[in-house]
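Please read these notes with the structure open beside you.

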Amino acid sequence: HRLGGDQLFAGLIISSVPAGAVLGVSMCTWSLRRTSFKSLMAVLPVGVILGNVLYALAGLMHFRFVLLVARFLIGLFSGLSLPSKYIGLTVGMKRRS
């Protein structure tokens, strides 16, 4: 409310994290074909930190769409699919439950 948002904008802000995460899963899959886990795990936290800094500074900027972009970046760089992919690649079939 402080930045001039209504209920529709609040819904967009809430849904921007899962929308970014859906795009982020395919981005991680594409990136893993070209880079290693180590480099991807070094880049993803930078994007999350950038998103959180933007989210924290949105009130000072007095621009409500910064909230939307920041939460989208947090979802995009969250790396939700990486733990299961890492386990699938490093743990053999005999050791899985």
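**Notes on helix packing and the core**

1. The crossing of helix 2 with helix 4 is left-handed. Keep in mind that this is a predicted model. On the helix 2 side, the contact is formed by F37, L40, M41 and L44, and on the helix 4 side by L82, K85, Y86 and L89. Sorted by class, 7 of these residues are nonpolar, none is polar and 1 is charged.

2. Two packed helices are described by the angle between their axes and the distance between them. Here, the axes of helix 2 and helix 4 (residues 82-90) come within 12 Å and cross at roughly 165°. Angles over 145 degrees count as roughly antiparallel, so helix 2 and helix 4 are roughly antiparallel to each other.

3. Which residues make up the largest nonpolar core? The 8 members are C28, F37, L40, L44, L73, L76, F77 and L82. Helix 2 and helix 3 (65-76) are the elements that each supply two or more of them. Helix 2 gives the most, with 3 residues.

4. L82 deserves a separate look. Setting aside neighbours within four places in sequence, L82 is in contact with C28, L32, F37, L40, M41 and L44. Another core, of 5 residues, lies apart from the largest one; F9, I13, V66 and L67 are among its members.

5. Is G47 buried or exposed? G47 sits in helix 2 (residues 37-61). Its relative accessibility is 6% and buried means under 20%, so G47 counts as buried. Not counting residues up to four places away in sequence, G47 touches L73 and F77.

Terms used
Residues are numbered from 1 along each chain as its sequence is written. This is a predicted model: local features need pLDDT of at least 70, side-chain atom pairs count only at pLDDT 80 or more; totals for chains, interfaces and linings use all residues. Side-chain values use heavy atoms; hydrogens and water are left out. Helices (H or I, at least four residues) and strands (E, at least two) are DSSP runs, numbered from the N terminus. Buried means under 20% relative accessible area, exposed over 50%, partly exposed in between (1.4 Å probe, protein chains only). Contact means heavy atoms within 4.5 Å. Axes are lines fitted to C-alpha atoms, for helices over the stretch in contact, and angles run from 0 to 180 degrees between N-to-C directions. Angles under 35 degrees count as roughly parallel, over 145 as roughly antiparallel, 65 to 115 as roughly perpendicular and the rest as oblique. A crossing is left-handed if the near helix is turned anticlockwise from the far one by less than a right angle, and right-handed if clockwise. Ala, Val, Leu, Ile, Met, Phe, Trp, Tyr, Cys and Pro count as nonpolar, Asp, Glu, Lys and Arg as charged, and the others, Gly among them, as polar. A nonpolar core is a set of buried Ala, Val, Leu, Ile, Met, Phe, Trp, Tyr and Cys residues joined through side-chain atoms within 4.5 Å.
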